[in-house]
Amino acid sequence: MAITKQHLIPLFAISFLLFSQLHCSTTSAQAPAQSPAPPGPPDVAKILQKAGQYSVFVRLLKSTQVSDRLIGELKDTDDGKTIFAPTDKAFSALKSGALNSLNDEQRVQLVLFHVVPDYIPFSQFQTVSNPMRTQAGDSGDGEFPLNVTTSGNTVVLKTGLMKTSVSGTIYTDGQLAVYRVDQVLQPLQVFAARSSALAPAPGMSRKAADVDGNSKASSLAMQNLALFVVSVIAFALSL
């Protein structure tokens, strides 16, 4: 049978479609599908920036480079982390100049005192052993004690200088837990020495100390006056 022009057009169309399908199948087979890259560890600073109300703590995390340190540790360990994040209002409640008076080492210690090197779900605070270990230092020597007490759904943190409650959960993913606290956790190692230097002597109020000083000054003046009178009398008798 002779192939006419009318037969050639549909044959050409069918051949083109078969060639296109074969080329696409070959290309797909040669280019394996790529799986999406695994997500990186959570960034505490970004989490708090998104939550708002934590600009001072975020600034401390970055200036002390603790935020970068946490990212690396979360990537390399399965233990997780627990962060107690003080609000901006909590920092404003500190004594005037308290934060600015800290040196670089004390700032790092302050930030790390808010970091627990384990992931603690809110429901498991009642199982924590006291004093709770933080990344600021050894809690057993009395310098960085952080104790936890629970009552129902209330979790209270105590440092020896202050106490506050965990007032909410900012973030949790099974590896990292970030909780809100309404006071800055003040470690004894950083704040106790500064407080004792400004405090009056034990058992004596500032007013009592002033009264005692005035009494000593009056007694000394009376002694000097008595010596002067005795000297005058002795001089008169010698004439």
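Analyst: Start with exposure: buried means under 20% relative accessible area, exposed means over 50%, and partly exposed is in between (1.4 Å probe, protein chains only). This is a predicted model, where local features need pLDDT of at least 70, side-chain atom pairs count only at pLDDT 80 or more, and totals for chains, interfaces and linings use all residues. Residues are numbered from 1 along each chain as its sequence is written, and side-chain values use heavy atoms, with hydrogens and water left out.

User: Why is aspartate 118 called partly exposed?

Analyst: Its relative accessibility is 30%. That value falls between under 20% and over 50%, so aspartate 118 counts as partly exposed.

User: What makes aspartate 118 and arginine 133 a salt bridge?

Analyst: A salt bridge needs a side-chain nitrogen of Lys or Arg within 4 Å of a carboxyl oxygen of Asp or Glu. Here the closest N and O atoms are 3.4 Å apart, so the pair qualifies. The two residues sit 15 residues apart, both in the loop between strand 2 (115–116) and strand 3 (147–151). Strands are DSSP runs of E, at least two residues; helices are runs of H or I, at least four; both are numbered from the N terminus.

User: Why does the pair arginine 180 and aspartate 182 count as a salt bridge?

Analyst: The closest N and O atoms are 2.9 Å apart, so they are within 4 Å.

User: Where do arginine 69 and glutamate 73 lie?

Analyst: Both lie in helix 4 (residues 66–76), four residues apart. Arg69, Glu73 and Lys81 are linked in a network.

User: How many salt bridges are there?

Analyst: The count comes to four.
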